[in-house]
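I opened a new notebook page for this one. Below is what I looked up, in the order I got to it.

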Amino acid sequence: MVIDPKDVVPFLTWLLPALGSWLLVVMGVCVVVTAFGWLVAAMRHGPIRAFSITSHVFRNAWGDLVRMSPQRIWALARLAIHESIRRRVVVVFGVFIVVLLFAGWFLDPGSVDPARLYLDFVLTATSYLVLLLALFLSSLSLPTDLKNRTMYTVVTKPVRASEIVLGRIVGFMAVGTMLLVVMGAISYVFVERGLAHTHQLSADDLQPVEGSTPGQPATLQGKTSLVHQHRHKVIVTPSGQTSVETEQGHIHALTILKDGDKVSYKLGPAEGMLVARVPVYGKLTFRDRKGQLAAKGVNVGDEWTYRSFIEGGTLAACVWTFEGITPKQFPNGLPVEMNIEVFRTYKGEITKGVPGSLSVRNPSKPDNKPVEVRIFESKEFVPNSQHIPTQFQMPNGKRADLFRDFVDNGRIELWLQCVAPQQYFGAAQADLYLRAQNASFAWNFAKGYFGIWLQMLLIVVLGVLFSTFLSGPVAMLATLGALLGGFFNDFMYRLATGQTYGGGPFESLIRLWTQQNQTSPMEPGLQTTTAKALDQVAEYFLLGMSTILPDFSHFSFADYVACGFNISSDTLLTFTCRALAFALPVFLAAYFCLKNREIGK
Amino acid sequence: MQSETIVETRSLSKVYRDFWGRQKVRALKALDLEVRRGEIFGLLGPNGSGKTTTIKLILGLLFPTSGQALVFGRDATDVTKNQRIGYLPEESYLYRFLNAEETLDFYGRLFDIPRAVRRQRVADLIEMVGLDWAKRRQLKEYSKGMTRRIGLAQALINDPDLVVLDEPTTGLDPIGTREMKDLILKLRDEGKTVLMCSHLLADVQDVCDRIAILYQGELKEMGRVDSLLQIRDVTEIRVAGLNAMAQQEVREVIERNNGHVLQMGNPTTTLEDLFLKIIHESQEHPGRRVRGK
Amino acid sequence: MGSRRSFVRKIVYLVLIAALLMPLYWLSKPATSAVKGEQGSPGGVLAQLRSKDHLSQTQLGQIDPGSVTIKLATLGLRGVAANILWEKANDFKMKKDWANFGATLNQITKVQPNFINVWSNQAWNLSYNISVEFDDFRQRYRWVIKGIEFLMDGMRYNQHQPRLQWDTGWFISHKIGKADEAKQFRKLFREDDDFNGSRPLAERDNWLVGKKWFEETVAMVERGDHILGKGPLLFRSDGPMCQMSYADNLEKDGTFGEVAKNAWAGAGREWQRYGTAEIPTSWKNEDTQTPVVIRLGEQEMHEEAARKLIKQIDAMEPGLREKLKAEKRAALSKAQREALDTPPEKRTGRQQELAFQAEAEVDVTHREVARRLSDKTRKAEALKLAKEAADHEQLASYISRYRDIVNYAYWRQRAQIEQSDGLLAARQIIHRGDQAYAEGDLINARKNYQRGFEGWRKVLDRYPSLVADESANESLTDSIKQYRRVLGQLDEPMPDKFILQDVVDAHLKSQGEEPKKKQEELPDAAK
């Protein structure tokens, strides 16, 4: 799975600088807004009066925020829940069920990684539905109340604008949470049931391996029956030991049943399909072919620069530095798992992988050479597990103790090198990690849904904000725009900073219209000049939007769940904080908008 | 005197503007009003005269363009004043998906009324407005009269000191109208202040202690109903059981004293006369206050 | 008055709606089939177009509910949806997210099931581009098969697109049989029960299976289906060529004797049959303006017929042709004549040009001979014969040109030679030598190699064209290299006069190396 190294920063390391810049931004916005408010008031009532008006607004706001009554908020939230149910939340639920029913047509259990496909699907389907629902509910509710004037009877009670806004947010979040819980439970069952299978294996399927002497008890091998478009290779030794080869990321337990002379075999349910690996990530640096530190490895011509490559048979290496490694956490040594890409410049031996090596080094002794611990054969696109024991023999014959000799203050370096000359290994930071005890998959699944919950929170606060000053349909469109902008944040940023082909939106429009390709320069002329000027404006706007809007796609944890990685508490906390950090100012803005709106108009 | 004043407006003005900030309507022009504790104050005027605007300004639903509206001595935009106000809007704007009990319970919660008190009061009010038989039905199934009653009940959920009623009798049948009027009087008797507006003259005349007449956003007349309707140089005599001879005698007595018999018979609703006269005069001399306090 | 106007307006609207519905009816009336004597209707324009282009899925006896739902769900924006999905697939491919890539392909085909390029290109993507991304050859094989299965899926939706069958044949035969890892792939293919199903083990050769698909393609085209982007000359050759490769690979895998002989015999027969297939050419018949149709096997027949006719013409007045030729020669300029007399390899550039012109000028056509007959009574008959002869010659030359494209004559001869006992035996002995070498039995290896080379010598003496034929003696040059290594390990020098030196020289020449100079490095080059 693809992980941006920025996303795996420990929570506390992230928090302080992030909090600092957040406070700075919020305060900056406050100052600008206050100055603007004062200016508007000054134009109408004169500067001195404006000062008292501004301070009055702030005093009021302080009172409205501090004296919020939980009971009133809950009453308003209950109303929002009631209203949502009236608005046929059930329909969304029905759609979800229908989608699941028909999903079987499009989900291929015989795919390379069916678990990933299934999980990706349920998480995506749920998030689309729930986010759309949140969008409709949150952006239409207040305008409807204003239009029907039901708001009259509410605001003439001792209800503060802050309570109305917060009540709506709490209410819609409650509805969404209920929906998410139910959908999550159903999805879980759907995935479990969709992937559950076992195979048949009869005695006839097994043949003695080649080269075994007739008459003697021989090692048997064969293949199981075809279920979900795959079979497992099975080996049974004369002593009754069995091994089942991994297919599509899972295995089955094989038991031998003996009934007199008759031997039958029974395979258990699929294991290892739905997992939550707990990776401990290190920090990746590269060494070039002379062994010097390098920012990056070699590019072997891939368009995608996520992974960097190192040349085999040289001193080039990928070096991961791990921190906080303790014997308590890894009493049996380091379980390394890697997803290494291989790039061959010549065929080499077709039937064998490219050999590579794993070495350890003590980071506090920069003069020491890394000590080779493991030689392995490359495997691509499936996790390759290697184990670094606590005790091992060094090349010079001495016995080494991993934690005594190589771990310094919890820090250790792992060196990945390619042994075969002129062949290449490619890796990114998240491609090699230490594998701690698996976390509970169900819990991880729930955390994935929590990611949707966070996205929903963002949508709801945005929807409520827009609905405080826009009419229903317009508020809905604005929220939808924010949602799309949030999902395409990255693209907007690249567009605004000129990192895309074909120029800005207006230039692209001309190219599209005149069917020019993306890279040839535009013909100079009035048309081009105008388009470029408009693009300049559009780019400022896009840059602003991409800065303001949260990057929605980052809040999706679907990839983690689908690829079988545990969502760390660091990630969870970081993103929860990010969501709240966004929600809070939006809530304040919504409060101000509603407070200063004439309800009776 | 100060504590006696519940609602006060000081040269309250409201100008409606369109999206571009251009002036559209001057809905209210420098209104000065005072509503005192324990009275029933009626705002009178034809449609579009600024009654509802005034009420919305007093409730803080609108912000004044200039001037001030004070309720219980506090600014109208201060939400804490709402603690002691009950408001029945022109039409009962209620959540149609709630039933009567839920509606009252919801509004009760907005006042932070403790659970036990709330329950009791909800039951009492439903009983009072006579909807006990339909309290579990959603409001969308209610008739107009029933909606009006539950609207009134919600306005009284907090046992308010000031009750603001916007056109309280519209849409009610004669019996309903009578009941509403009795209720308003009963509220006054309980010591509450009532501010109501209406274009139905009979209602206002019946129940109001004082009235203000608005026309095109301007205050045309204000005062006690009885004194407003008193015409000093006109004496009205109503006698029952007088025979023709006696009537002749009375006429003679009047004529002897240089009086002049105008009419003898059943009196008309004179408020209507007053009202129409004011409107007539306003149309002839726009902007002039008809008669001093 | 007002109500009357609005009534009229309503009537106008109704008429307009009806008028608009008419073309819709005309366009999309569904087709009905004939029931109990009642005549079925061919349906509206769309229905007719659908059936003309074989797009109606109901006629396949099955409607894929998934595809239909998606088509409905995209509300006429199928093209847009397919485009977006295609972009997504490209992105997944770039990011090497194979699970999602496969899923996206499925979605595209559900949206656009009748767009052949999707099936064709994406199958290619799977079998060729994605399979090589994997380092493990077993995984590579799985992706090749995925591409093939993808094509077979496509056939379910498109029953009249032989292109899919042809691609399937090509993938199974060439992708599996000619890849770098062909040896492993072929083995995996043979063992692949899931793909082969109940196909007996003996027939599980990828070349044979591929051949079946090519034959199916030919059969479909003969039934009237149109194949996209393939000329008849080439795609008809694919089946027989597969049989050749099958026979060739049998020997590479160590199967000789009757089996190999029969395989080659089969290849010869199929090639012969290929020679009898009617192949429309790009030339037009001058009279009928239809494409000239040829049969590859008939070149000799036409040449023979032409020869006979010419003989008849010449027999009418012996010596006439020579006389005419001499006349024409006399008319040539001096320079031309000189150029013509100079032996071709000694001509200068200018002379070559002159000679070319001169040859065209002195050429005597059969028609000219007939026209100049002194016996005028037989002139008509002679002219007729002349035309026939010219036609035969023309056809023979067309055939010869088409033959060159597919190397017809070579393969016909090759199939013939390979069946000869001498070559079969030589190949088998050398294979034994290879085996002995692999087992480390150097003495036996040397013995077998030497005997095998002798056998080869005899074959080469009989068919000298094989000496420089890389395709035929590819394994032989490998064995010679092996033999050198054997000698090296036995500390024996390479014989001065190596019995197959001509093959070695030809091999080195084809590698672009000088035979003499680099000869010593031959064994190392194979390292």
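I started with Ala468(C), which counts as partly exposed because it has 15 C-beta neighbours inside 10 Å. For the record, a residue is buried if 20 or more other C-beta atoms lie within 10 Å of its own, exposed if 12 or fewer, and partly exposed in between, with C-beta atoms placed from the backbone. Ala468(C) sits in the loop between α22 (442-462) and α23 (470-489) of chain C. Helices (H or I, at least four residues) and strands (E, at least two) are DSSP runs, numbered from the N terminus. I also checked Lys509(C): it is 41 residues away from Ala468(C) in sequence, but 9.3 Å away in space, C-alpha to C-alpha.

A note on what I'm looking at: this is a predicted model, where local features need pLDDT of at least 70, side-chain atom pairs count only at pLDDT 80 or more, and totals for chains, interfaces and linings use all residues. Residues are numbered from 1 along each chain as its sequence is written, while chains are lettered from A and ligands numbered from 1 in the order in which they are written.

**Chain C as a whole**

I counted up chain C next and got 26 helices and two strands. Of its 527 residues, 31% count as buried. I then took the contacts in chain C between residues at least 6 apart in sequence, and 60% of them join residues at least 24 apart. Two residues are in contact if their C-beta atoms, placed from the backbone, lie within 7 Å.

How far can I trust chain C? Its mean pLDDT is 82, and 89% of its residues reach 70 or more. (pLDDT is the predictor's confidence in each residue, from 0 to 100.) Confidence in chain C is highest in helix α8 (residues 162-177), at a mean of 92, and lowest in helix α26 (residues 522-525), at 42. I flagged residues 58-62 of chain C too, where the pLDDT is below 50 and the stretch has two contacts beyond near neighbours in sequence. Residues 517-527 of chain C also stay under 50, and the model has ten contacts for them beyond four places in sequence. Where pLDDT is low, the predicted coordinates should not be read in detail. For the model overall I wrote down ipTM 0.82 and pTM 0.78.

**Who touches whom**

The contact between chains C and A takes 19 residues from chain C and 23 from chain A. α5(C) gives the most to the chain C side, with six residues. Chains B and C do not touch, and their nearest C-alpha atoms are 32 Å apart.

**Cores**

The largest nonpolar core has 252 residues, and Ala134(A), Met456(A), Val460(A) and Val164(B) have the most contacts inside it. Helix α5 (residues 114-147) of chain A gives the most to this core, with 17 residues. A nonpolar core here is a set of buried Ala, Val, Leu, Ile, Met, Phe, Trp, Tyr and Cys residues joined through C-beta atoms within 7 Å.

I followed Val164(B) into its strand: it stands in β7(B), opposite Tyr87(B). Four bridges join β6(B) to β7 (residues 162-166) of chain B, and the two run parallel. Two strands pair if DSSP finds at least two bridges between them. Both faces of β6 (residues 85-88) of chain B are covered, with Ile85(B) and Tyr87(B) buried on one side and Gly86(B) and Leu88(B) on the other.

**A sheet in chain A**

Last, I traced an open sheet of six strands with antiparallel pairing, in the order β9-β8-β11-β19-β14-β15 (chain A). β9 (293-294) and β15 (371-377) of chain A are at the edges with a single partner strand each, so one side of each is left without a neighbour in the sheet. Further in, β14 (residues 355-361) and β19 (residues 412-418) of chain A pair over six bridges, and Val360(A) stands opposite Leu414(A) in β19(A).
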